[in-house]
Structure formats: structure tokens, C-alpha cells
Amino acid sequence: GADMFFEAIFNNWLSNGTCPNGILIRLQGFGKGVFGGNFHTHNSLYFPPGLDVVCYSNGKDYAKGFRYAIEQVKNGRVVMFVDSTNLLNLKNIPECDNLPWRFKYPPTNEILTFDSVITYRSELDHNNNAPKIAIISYGNGIIESLTARHILQNNDNSHNSDQQFNNIDVIDCPTLSHLPKDLKNIISSYDKVIFADECKEGSNPLSTFITSLNSLNLLPSDWKLVCAPKTYNPLGRTISFLNHNDIIDSLL
């Protein structure tokens with residue numbers, strides 16, 4: 001099975017598309033979950049050349065990205081959709097005052113390309129000297145990032161007494177196999193960047209993004225990376241996954 005998977009990718013890539021092998025693959029059982037153990041809640045990804053990998057945080061974006069992916073598959077590309085276990089039945093985000101996380105089906109003319117990112121802007125007043133902060137993540141990491149922002153911006157949080165966290169944007173970067181153009185276009189506008197990676201340390205895609213952005217002189221000098229620990233995921237517990245406390249700690 002693995003040999004067939006890699007040969008399909010390599011043939012299209014090495015032939016520069018003259019030997020197309022259009023396939024769309026669904027990789028299920030990714031990320032945070034309490035059932036099935038490590039192999040049903042895995043959080044390590046591998047990116048062979050020629051494989052497009054995307055991981056969406058909600059159904060609306062999934063549908064938009066799926067439309068674009070189908071067109072790429074028709075042209076011979078091999079695309080893998082990474083499905084997050086925790087997101088399958090998620091209706092709202094309890095830690096964000098039950099922020100709704102189910103959306104209307106998007107119009108058929110709306111798509112997300114492999115260069116698209118989605119920005120959830122801070123709703124607080126930006127008319128202050130607070131640094132402009134970005135939290136970049138994907139999949140279930142977006143839920144944890146929004147939760148972290150909500151906690152930091154809560155009026156009862158002593159850490160935000162000087163409103164230093166009033167200007168936090170959460171950037172959803174679903175494409176993981178290459179650095180999206182939209183991210184390159186906006187990242188320099190931030191004073192501080194947190195990369196919140198759902199994958200295990202050592203096999204996490206955002207590390208590659210950091211390297212690429214730094215090579216392009218686009219990476220702000222103030223940045224941090226947080227990711228899941230390099231261990232196996234136990235049955236019935238979520239202690240080994242990225243969580244909002246990891247993100248909060250990286251900002252304090």
C-alpha cells in the first residue's frame with residue numbers, strides 16, 4: 001500500500017505532469033481525540049515531493065478547499081485531506097462563550113486555493129499601542145488558538161491589564177505541504193508571531209514554514225513555535241496534544 005502511494009506521487013512529480021495520477025486521499029483519525037489510541041489520533045505528517053496536503057478547521061472551508069482540490073486532481077495532482085477527529089462533530093467552542101463552529105454551506109462559486117489563508121481578526125479596540133500578534137495554526141489548532149486568545153483578552157485576566165493582548169489575529173493556514181503565498185504577503189505586518197503546530201515536535205510542518213520565511217527575510221524577529229510533545233498518544237486522554245495553555249504560555 002505504501003509503495004503504491006509513493007509511486008503515484010513520484011510519477012506525476014518526476015514527470016512534470018506528463019504521467020498524471022490524479023488522486024484525492026482522505027487521511028482520517030488526525031489530532032486530538034480520546035478513543036483508538038495513537039493510531040486513531042495520530043499527529044505526525046510526512047510530505048513527499050508532489051503531494052499536496054491540506055487540513056481544514058471547519059466544514060465551510062473544507063467545502064471550498066475540496067472544490068479546488070478536485071480541479072487539481074483532474075489535472076493529475078495527488079492531494080491528501082487530513083481530517084481532524086475532534087472537529088467532526090464540533091458544533092461550538094465552549095471555552096469561547098460557545099462560539100458557533102458550524103456554518104452555512106458556502107456558495108458554489110467560492111473556493112480556497114492551496115495559497116489561501118483565513119484570518120480571524122481580533123474584535124477588540126485596536127486603538128492602542130498593543131503589539132500586533134499573529135497565531136498561525138491549522139485544523140484543531142485553530143480551536144486551541146481561538147480559545148487562547150479568548151482567555152488572554154478576557155477582562156478578568158490580569159495578564160491583559162495593560163491591553164497588550166488586544167491585537168491578536170488567528171491565522172488559519174490549511175495548506176501544509178508548501179508555504180502559502182497569502183501567508184508570505186501578510187506575515188511581515190505583525191510584530192510577534194506564534195506558530196501553533198498540532199503535530200509532534202520533529203514532524204511538524206510549521207517548522208518548515210519558519211525556515212522558508214526566515215530565508216525570504218519575511219519572518220518578524222519576535223516569534224515562537226509550540227507543538228505537541230514527541231511521544232505517543234495514550235488511550236482516553238488528550239494530555240499529549242497541543243492545547244490552548246501551550247499557546248498562552250508562549251505569549252506570556
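**Sheet, salt bridges and pockets**

Strands β1 and β3 pair in the parallel sense, over six bridges. Within this pairing, Arg-26 has Phe-81 of β3 as its bridge partner. The model described here is predicted. Strands of a sheet pair through backbone hydrogen bonds, either parallel or antiparallel. The sheet in this model is open and has three strands, in the order β1-β3-β2, with parallel pairing. β1 (23–30) and β2 stand at its edges. Each of these two has a single partner strand, so one side of each is left without a neighbour in the sheet. From one strand to the next, the twist averages 20 degrees.

Salt bridges were examined next. The structure holds six of them. One joins the side chains of Arg-77 and Asp-52, at 2.6 Å from N to O. This pair links distant parts of the chain, 25 residues apart. Arg-77 sits in the loop between α2 and β3, whereas Asp-52 belongs to strand β2 (residues 51–54). The relative accessible area of Arg-77 is 35%, so Arg-77 is partly exposed. Asp-52 has a relative accessibility of 4% and therefore counts as buried.

A further salt bridge is formed by Lys-64 and Glu-110, with the closest N and O atoms 3.2 Å apart. Lys-64 lies in helix α2, and Glu-110 lies in the loop between β5 and β6 (118–120). The pair therefore ties together parts that are 46 residues apart in sequence. Lys-64 counts as buried, at 14% relative accessibility. Glu-110 counts as partly exposed, at 31%.

Lys-74 and Glu-71 also form a salt bridge, and their closest N and O atoms are 3.5 Å apart. Both residues are in helix α2. They are three residues apart, which means a separation of about one helical turn. Lys-74 counts as exposed, with a relative accessibility of 61%. For Glu-71 the value is 39%, and this residue counts as partly exposed.

The pockets were then considered. Rolling a probe the size of a water molecule over the atoms shows where empty space is left. The largest pocket holds about 420 Å³ of space. Its lining is made up of 14 residues. Leu-99, Glu-123, Arg-149, His-150 and Gln-153 lie nearest the centre of this pocket. α3 gives the most, with four residues. By class, the lining of the largest pocket divides into eight nonpolar, three polar and three charged residues.

The second largest pocket has a volume of about 340 Å³. It is lined by 18 residues. Nearest its centre lie Asn-58, Gly-59, Tyr-62, Leu-87 and Leu-88. The elements that give two or more residues to this lining are α2 (59–74) and β3 (78–84). In the lining of the second largest pocket, ten residues are nonpolar, four are polar and four are charged.

Helix α2 contributes to the lining of the second largest pocket, and it carries Lys-64, a partner of Glu-110.

Notes
Residues numbered from 1 in each chain as written. Predicted model: local features only at pLDDT ≥ 70, side-chain atom pairs only at ≥ 80, totals over all residues. Heavy atoms only, no water. 1 Å grid on protein atoms, 1.4 Å probe; cavity = no way out; pocket = protein on both sides within 12 Å on 5 of 7 lines; lining within 4 Å. Points joined across faces, edges and corners; volume = space filled by probe spheres on them. Nonpolar A, V, L, I, M, F, W, Y, C, P; charged D, E, K, R; others polar. Salt bridge = Lys/Arg side-chain N within 4 Å of Asp/Glu carboxyl O. Buried < 20%, exposed > 50% of the residue type's maximum accessible area, 1.4 Å probe, protein only. Pairing = 2+ DSSP bridges. Axes fitted to C-alpha atoms, helices over the stretch in contact; angles between N-to-C directions.
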